[in-house]
Amino acid sequence: MSSLATRGERRVSPVFLALVAIMAVSIWAVWTNFSASPGFAVFLFVVSGWVVSLCLHEFAHARTALHGGDFTVRDKGYLTLNPLRYTHPLLSLGLPVIFVIMGGIGLPGGAVFIERHRIRSRWKQSLMSAAGPLTDAVFAAALGIPFLLGALDGLPDNVCYALAFMVQLHVTAVILNFLPVPGLDGFGVIEPWLSPRIRQQIAPFAPFGLLAVFGFLWIPEVNHVFFDMINSVLDTLGISQWDTYHGYELFRFWEGTPDIPPRSDFTDGLYTIVSR
């Protein structure tokens with residue numbers, strides 16, 4: 001009976017598989033121009049892809065915690081990739097979509113409750129915290145490297161825009177999540193190395209760390225520096241501001257289908273996007 005339970009706790013969730021299917025069908029609809037509203041198809045692709053990556057992010061936390069000694073993650077269902085196991089309707093789904101709509105920023109979301117005292121070493125605790133954003137980085141690289149290699153040349157423009165916007169969201173999530181701010185994974189990396197007294201003093205601020213970060217991002221000078229950093233990373237992947245800008249425009253399908261010149265016009269230097 002216990003072996004059956006264990007297999008159930010590790011089986012991939014149908015919810016996750018459904019999200020992958022939505023992601024695949026929506027990008028197919030963009031590719032073939034099947035959808036009457038290409039923006040709506042891009043919206044579905046980005047939202048479903050974001051939740052899929054959230055599942056992988058939290059699975060990475062749970063899997064490294066399991067290897068570190070916290071076997072309770074199996075009982076909590078964290079190894080099933082089911083977003084309902086480690087999401088909060090507002091914090092993990094509502095707020096991320098709101099921040100994407102407001103400014104194209106990937107908000108770190110989701111939560112697995114790790115019993116850190118069960119993890120056998122400080123190094124493993126740090127690795128557990130780093131595993132999530134490192135998974136986001138791999139996700140971003142998997143979608144971004146084809147731009148660098150020119151493998152997307154000849155594909156429909158809207159597909160390139162959708163993929164570019166998805167990469168931007170994950171790059172922002174990686175950078176934000178690695179900030180050493182209480183409540184974010186970057187702080188989780190260094191937390192095991194702090195004294196118990198300092199950890200106790202900082203703990204009350206953890207629920208507000210992410211909100212504080214986004215408060216700073218509303219400061220124009222900080223926002224400018226932040227997006228300069230994002231664009232520098234995207235440039236190394238061969239993704240232009242043109243690509244991400246129009247991916248964002250398509251994502252906002254409720255504003256109507258934007259009139260976007262061909263992508264080749266930008267690559268030929270006929271158009272320039274200065275800023276969002």
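Let's start at E115, which is partly exposed with a relative accessible area of 22% (buried means under 20%, exposed over 50% and partly exposed in between, with a 1.4 Å probe and protein chains only). The model you are looking at is predicted, so local features need pLDDT of at least 70 and side-chain atom pairs count only at pLDDT 80 or more, while totals for chains, interfaces and linings use all residues. Residues are numbered from 1 along each chain as its sequence is written, and side-chain values use heavy atoms, with hydrogens and water left out.

E115 takes part in salt bridges (a side-chain nitrogen of Lys or Arg within 4 Å of a carboxyl oxygen of Asp or Glu). One of them joins E115 to K76, with the closest N and O atoms 3.6 Å apart. This pair links distant parts of the chain: K76 sits in the loop between helix 4 (72-75) and helix 5 (89-103), E115 in the loop between helix 5 and helix 6 (122-148), and 39 residues separate them. E115 also meets the side chain of R118, at 2.5 Å from N to O. Together, K76, E115 and R118 are linked in a network of salt bridges. K76 is partly exposed at 24% relative accessible area, and R118 is partly exposed at 40%. The chain has three salt bridges by this rule; among them is the one between E255 and R252, at 2.6 Å from N to O. R252 counts as buried, at 15% relative accessibility.

Now step back to the whole fold. The chain holds 13 helices and zero strands (DSSP runs, with H or I of at least four residues for helices and E of at least two for strands, numbered from the N terminus). Of its 276 residues, 46% are buried. Among contacts with a separation of 6 or more, 75% are between residues 24 or more positions apart (contact means heavy atoms within 4.5 Å).

Helix 10 (residues 209-217) shows how burial can be arranged: its buried residues are G209, V213, F214 and L217. Seen down the axis of helix 10, these residues fall within an arc of 135°, so they line one face of the helix (the arc is that of the directions from the helix axis to the C-beta atoms). An α-helix has 3.6 residues a turn, so residues three or four places apart point the same way.

F43 and W254 form an edge-to-face pair, 6.2 Å centre to centre with 85° between the planes. They lie 211 residues apart, F43 in helix 3 and W254 in the loop between helix 12 (241-251) and helix 13 (263-267). F43 is buried at 17% relative accessibility, whereas W254 is partly exposed at 41%. The rings of W254 and F253 have centres 5.3 Å apart and planes at 75°, so this pair is edge-to-face. F253 counts as partly exposed, at 28%. F40, F43, F165, Y248, F251, F253 and W254 form one aromatic cluster.

Terms used
Phe/Tyr/Trp six-rings, centres within 6.5 Å; stacked < 30°, edge-to-face > 60°.
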